[in-house]
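Colleague: Could you take me on a close look at a single residue and its surroundings? I would enjoy one connected walk from the side chain out to the sheet.

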Amino acid sequence: MIRQSMREITLGLPIHGKHNSCDPGKTFLWALMDELLQRRGGELGIDAACDYFKNHHYFRTREYVGVDHNLEALRRGARLHPSGRGILTRLEDFQPPQGCADVIVSTHTLQYLAPEARLQVADALANALTAQGLLLVQVPHDEHAPALVRRLQSHFQRVDVLYIGNGLSRLCTRLFTKKGIFGRTRLFNSRPVLALARLIARTEARTWQRPGRQTRVCICCTLKRRNSPSEPLDLRRYHEIEPNIFQRTHAPTASENTL
Ligand SMILES: C[S@@+](CC[C@H](N)C(=O)[O-])C[C@H]1O[C@@H](n2cnc3c(N)ncnc32)[C@H](O)[C@@H]1O
């Protein structure tokens, strides 16, 4: 359980060389994720739309399962992190058992889903979390974000909403965006620029509470309102299509069907 307030956590956030992006908002998000997940052990962590198990190194759960609809990305993830396992599915079709995961993360992904599908996926992820688990969802700060926040508030007693990407961060990303593409500039990813981005990332700790023109919303949810029995995610019910990559072959169980 997160006992400290989010304000205390963000003000003391260690932002160091592990969190390296020329985008200060991303740097801040990575540092936050690192800090929150460090406090969360437990059995299972799910990375919803994981690409090549990109968030794997933040998880401290005993098991890591990454879900994505891109087989090539899962293959790469399984090669890079042999302890992790992948499930090949669209998020819209992923209905894990209730209370199966202690930590669930979904970053830079739900925006690719239709607005109604985002809410359904949010329901499925909330259902899959243990009563004391942590769900962290990050989406763009767009017109659909408030509905997602409200939906998550209906599932959780504690929902911290962080607005990330303040004016300084946006200025920094603009400097490194050329012809609409971030990173197409000479000094991109140079040490001084990464250090500058980390400095600017620290300012996010003082601005996240005010929804202004920030570009990202990070929603941290704990303490489920409805405490229902837990059921494990049993990968034996899936077909192992490649080493450590699974695909669903069975009909949903009763608890997966409760949505
Ligand atoms: C921008 S990447 C984000 C990866 C990682 N979560 C991160 O924050 O770096 C988006 C990922 O979402 C996956 N994705 C997009 N739509 C999806 C869907 N409907 N179901 C499952 N995965 C999806 C893509 O294959 C890709 O790996």
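Modeller: Happy to! Please keep in mind that this is a predicted model. Let's settle on L135, which sits in strand β5, spanning residues 129–140. L135 counts as buried because 25 other C-beta atoms lie within 10 Å, and the cut-off for that label is 20 or more. Setting aside neighbours within four places in sequence, its contacts are I104, L125, A126, L129 and C221. As for L13, that residue is 122 residues away from L135 in sequence and 19 Å away in space, C-alpha to C-alpha.

Now let's step back to the sheet. Its nine strands form an open arrangement in the order β6-β9-β5-β4-β1-β2-β3-β11-β10, and the pairing is mixed. At the edges are β6 (156–164) and β10 (238–242), each of which pairs on one side only. On average, neighbouring strands here are turned by 20 degrees against each other, ignoring direction.

Further along the order, β1 (residues 44–48) and β4 (residues 101–107) run parallel and are joined by three bridges. Within β4, V105 is the bridge partner of D47.

Helices complete the view. Helix α4 (residues 115–128) packs on the sheet, where it touches β1, β4 and β5, and its direction makes about 150 degrees with that of β5. Helix α2 (residues 24–38) lies across β4, β5, β6 and β9 (216–224), and runs at about 15 degrees to β9.

Notes: Residues are numbered from 1 along each chain as its sequence is written. This is a predicted model: local features need pLDDT of at least 70, side-chain atom pairs count only at pLDDT 80 or more; totals for chains, interfaces and linings use all residues. Helices (H or I, at least four residues) and strands (E, at least two) are DSSP runs, numbered from the N terminus. A residue is buried if 20 or more other C-beta atoms lie within 10 Å of its own, exposed if 12 or fewer, and partly exposed in between; C-beta atoms are placed from the backbone. Two residues are in contact if their C-beta atoms, placed from the backbone, lie within 7 Å. Two strands pair if DSSP finds at least two bridges between them. Axes are lines fitted to C-alpha atoms, for helices over the stretch in contact, and angles run from 0 to 180 degrees between N-to-C directions.
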